[in-house]
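Dear colleague,

My notes on it come after the sequence and coordinates.

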2 protein chains.
Amino acid sequence: MSDQPLGVRFALLTDLYQLTMAACYLAEGMAEKATFSLFIRKYPENRGYFVAAGLAEALDYLESLEFTEGDLAYLDSTGLFPPEFLHYLKGVRFTGEVHALPEGTVFFKDEPLLEVTAPIIEAQLVETFLLNAVSLQTLIASKAARSIHAAAGRPVIDFSLRRTQGTDAGLKVARASYLVGFIGTSNVLAGKLYGIPIFGTMAHSYITSFPHEIDAFRVFARTFPGIVTLLIDTYDNLAGARKAAQVARELAARGQKLRFVRLDSGDIAAISREVRAILDEEGFPEVRILASGGFDEFKIAKVLEAGGQVDAFAVGTKMGVAADAPYFDIAYKLVKYGERPIMKLSTGKVTLVDQKQVWRFFDAGGRMVRDVISLRGEQIPGGEPLLKPVMAGGRRLAPLPSLAESRDYCREQLARLPEEYKAIVAPARYPVELSPGLAALQARVQEELRHREIEEAAYHHHELGES
Amino acid sequence: MSDQPLGVRFALLTDLYQLTMAACYLAEGMAEKATFSLFIRKYPENRGYFVAAGLAEALDYLESLEFTEGDLAYLDSTGLFPPEFLHYLKGVRFTGEVHALPEGTVFFKDEPLLEVTAPIIEAQLVETFLLNAVSLQTLIASKAARSIHAAAGRPVIDFSLRRTQGTDAGLKVARASYLVGFIGTSNVLAGKLYGIPIFGTMAHSYITSFPHEIDAFRVFARTFPGIVTLLIDTYDNLAGARKAAQVARELAARGQKLRFVRLDSGDIAAISREVRAILDEEGFPEVRILASGGFDEFKIAKVLEAGGQVDAFAVGTKMGVAADAPYFDIAYKLVKYGERPIMKLSTGKVTLVDQKQVWRFFDAGGRMVRDVISLRGEQIPGGEPLLKPVMAGGRRLAPLPSLAESRDYCREQLARLPEEYKAIVAPARYPVELSPGLAALQARVQEELRHREIEEAAYHHHELGES
């Protein structure tokens, strides 16, 4: 996309308050280390798990974060900032450490998927970008995994680019859906950038630009004999299927073959059965049926339950914007400053204090049974720790796995998650507990906070006493 | 963001089928001009109008579209494309013409907001990017305009960046919401790139990093005396309001002032009344109340109906992802090829044939009354034509209006749209008719299509006769 490192392009892609708070910390000499925890507070309807994604982008950003002269000149032009703060920003780099769930990890609400520890200015400055990057890819990975589950082994392809929320989303949707098991995408740039297989053949406009449908089919078959998929619903699915069979015969005569026909409209369950019968009757049982048009996990499940004879699904807009749950209640919360564990109590949004670890327990068959969230230093015997140290001193500790490796890991993760948590509608709630150490600290800090509120009131009373 | 022209970065940000179709057209020597029409097929629930946005990005892309050597090398590596097609792509530029609704125009379903006429390969190649760009900004502009309406004159600010669907969306949401009347954004990069005013002060983490809330307030007031907004809900809204008043007194003693307090949780209608009473009682009737936290047009309307004393709203995630309708049923359809008007009939998704114009009628007070969609060449007396020629020969005909100019134009557009179409829930349906010329052509082409299907069947029968 560009040879400029990501951070250099995106240092200003942040909320203004990150900069005003940073200036206050600098003015006050507040430079102690802070830990922020990134987690999802609630399950959207019909969601029973999440899939972590976006870490690669987050680390790229952290490693290359830098304000350019142009950025600083812009900030100066706002007239808001003291010169010493702009001078500080010029030299600022991310020097902290990161613990994170590897991309492709299945996780649950309240479990941190990322914890950042750094001098408070740095840890705070990166909040907006980290949330943006991690929330989008995790949102889409978690949504797309449901299509994989619904398709029950049939290949699924991402066709969402035209209606994703922008270009970055178009790329990240292709990446996140591939991560969870899609076989590829229509998005050519995602193919180039991420090495994802690309798919696509023809639109209705192509068919209608020819006087006869079969001529459109024949031209395609001649030009791309290796990937022939014919879109057969432009005029009439069944007539289209017969013409496709004719083209299949012509291909066969040249030692080539028709791979797929594509259905894009109407009652796919019923039409696919009729088209299957025609293709079989015409002698092409090996030609497969690809369905597209408004698919997501709900429609895939419905079509298959209704006996649809569909061999592969192209999933578009509804997956690409996570239409039924287009955002997460995701947060990046201060949990420790210096040696002080921090909690915010207001309005039921209780956060889990301090640096943490997530431990997973499996049954004898290797299936996930329950998780425990602990303090980072605690040992939870029998559990497998999920958060890994991935960055220290602002540098990643090791290269991340390749996307292909993360995809294999994610497949295994999803296989180990029992069916009841993967149900498309009203999945079961996976058990997540707090460790004794975390529960005790959580209770102690809540108690202290209540005392502090009293103390605050006293302090406030004292302060205002003179007014 | 980058010095590379947009098109150079994004030529591959397209669906693979755009390239396979292009290769077929090239192989067949199909180079006639095609017109594609971009329009929205359906109103999402509770939507009564749309606001056009994204044209500037669309034209930037069209003017700079170019495949790089790297792009071509990648396409070559797929093994799909004939060398003569890759050679053709190397030289391809967009040479066509564009008619479009200016950004900020209010429009309705079925009305084209963009029509592209170009040699069919070019017009087809650009489909994916144009849809992506126009659909996101139009989606957000149409959603954000509803917050403006609900806020009834109170300022509204975009706070969505952290949870928009990616970085491009973060920028485009700031731009599109400003276009429709937001006063600014928290997004600093959007401020730099688009000249949008930026807003923001402090988060809860800032407050909790200090031992006492009032110290956090005081440090902010000292560091940014010109923009003091204090977040007062971290521990207790009412105690926070009293502390804010104390800081206001301290500011006043220095000849400075507290501008806003911010409420971010709880029952905003009730809390804002209590906070208002405290601020008034403490002698600060001029200190205003900013509310944030889960706002969109629905919550704004609810809080104001419940008597909330809120002076400004910060609107975040739900606007930034258009949460209640996160995509449009938006399409880019072939409507003319060569001299032939084109229509696709399947499954009720009837498109309007040929090149078109949209005419708007106003009442004596300048309020919108009804629209007529016509053929482009028709004259509709008394109507104002909305689609403007903006590009010819691949070059824009004139500089587009500035964002500030488009914002003024949009304000006027929204003011001329009668209230019943702006209702937050169940708005009335604005009347849109077809002109006599378009209705007649539409009927004729439908009739011809029916005949063609019969002819297709006969052709097909003839073709298959030998098999």
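The notes below begin with conventions, then turn to the chain, the pair of copies, the domains and the sheets.

This is a predicted model, in which local features need pLDDT of at least 70, side-chain atom pairs count only at pLDDT 80 or more, and totals for chains, interfaces and linings use all residues. Residues are numbered from 1 along each chain as its sequence is written, while chains are lettered from A and ligands numbered from 1 in the order in which they are written.

**Chain A overall**

Chain A contains 18 helices and 19 strands (DSSP runs numbered from the N terminus, H or I of at least four residues for helices and E of at least two for strands). Along the principal axes, its C-alpha atoms fill a box of roughly 95 × 55 × 45 Å. Of its 467 residues, 55% count as buried; a residue is buried if 20 or more other C-beta atoms, placed from the backbone, lie within 10 Å of its own, exposed if 12 or fewer, and partly exposed in between. Among the contacts in chain A with a separation of 6 or more, 72% are between residues 24 or more positions apart (contact: C-beta atoms, placed from the backbone, within 7 Å).

**The two copies**

Chain A is superposed on chain B by a rotation of 180° with 0.0 Å of shift along its axis, at an RMSD of 0.0 Å. That is the relation of a two-fold axis. In chain A, the C-alpha of A:Asp168 is the nearest to the axis, at 2.7 Å. The same surface serves both copies, as 100% of the contact residues of chain A recur in chain B. The superposition is by least squares on the C-alpha atoms of residues with pLDDT of at least 70 in both copies.

The contact between the chains takes 97 residues from each of chain A and chain B. On the side of chain A, the largest share, nine residues, comes from helix 2 (residues 16-28). By class, that side has 45 nonpolar, 33 polar and 19 charged residues. Here Ala, Val, Leu, Ile, Met, Phe, Trp, Tyr, Cys and Pro count as nonpolar, Asp, Glu, Lys and Arg as charged, and the others, Gly among them, as polar.

**Domains of chain A**

The domain assignment, which is automatic or from a database, gives domain 1 (6-141 + 325-435) and domain 2 (149-320) in chain A. Their centres, taken over C-alpha atoms, are separated by 37 Å. The contact between them takes 15 residues from domain 1 and 17 residues from domain 2. On the side of domain 1, the elements that give two or more residues are helix 7 and helix 16 (403-416). Helix 16 gives the most, with five residues. By class, this side of domain 1 has eight nonpolar, three polar and four charged residues.

**Sheets and strands**

In chain A, an open sheet of six strands has the order 7-6-11-10-9-8, with parallel pairing (two strands pair if DSSP finds at least two bridges between them). Strand 7 (184-185) and strand 8 (229-231) of chain A are its edge strands, each pairing on one side only. Within chain A, strand 6 (residues 156-158) and strand 11 (residues 312-315) run parallel and are joined by three bridges. There A:Ala314 of strand 11 is the bridge partner of A:Ile157.

Strand 15 (residues 368-375) of chain A has six of its eight residues buried, so it is largely enclosed by the rest of the structure. Strand 15 of chain A pairs with strand 14 (residues 356-362) in the antiparallel sense over seven bridges, and A:Arg370 in strand 15 is the bridge partner of A:Phe361. The hairpin of these two strands has five residues between them, where A:Gly366 takes a positive phi near 85°. Strand 15 also runs parallel to strand 19 (residues 432-434) of chain A, joined to it by three bridges; A:Ile373 stands opposite A:Leu434 in strand 19.

In chain B, seven strands form an open sheet in the order 13-12-1-5-3-17-18, with antiparallel pairing. Its edge strands are strand 13 (340-341) and strand 18 (395-396) of chain B.

With kind regards

Notes:
Contact = placed C-beta atoms within 7 Å.
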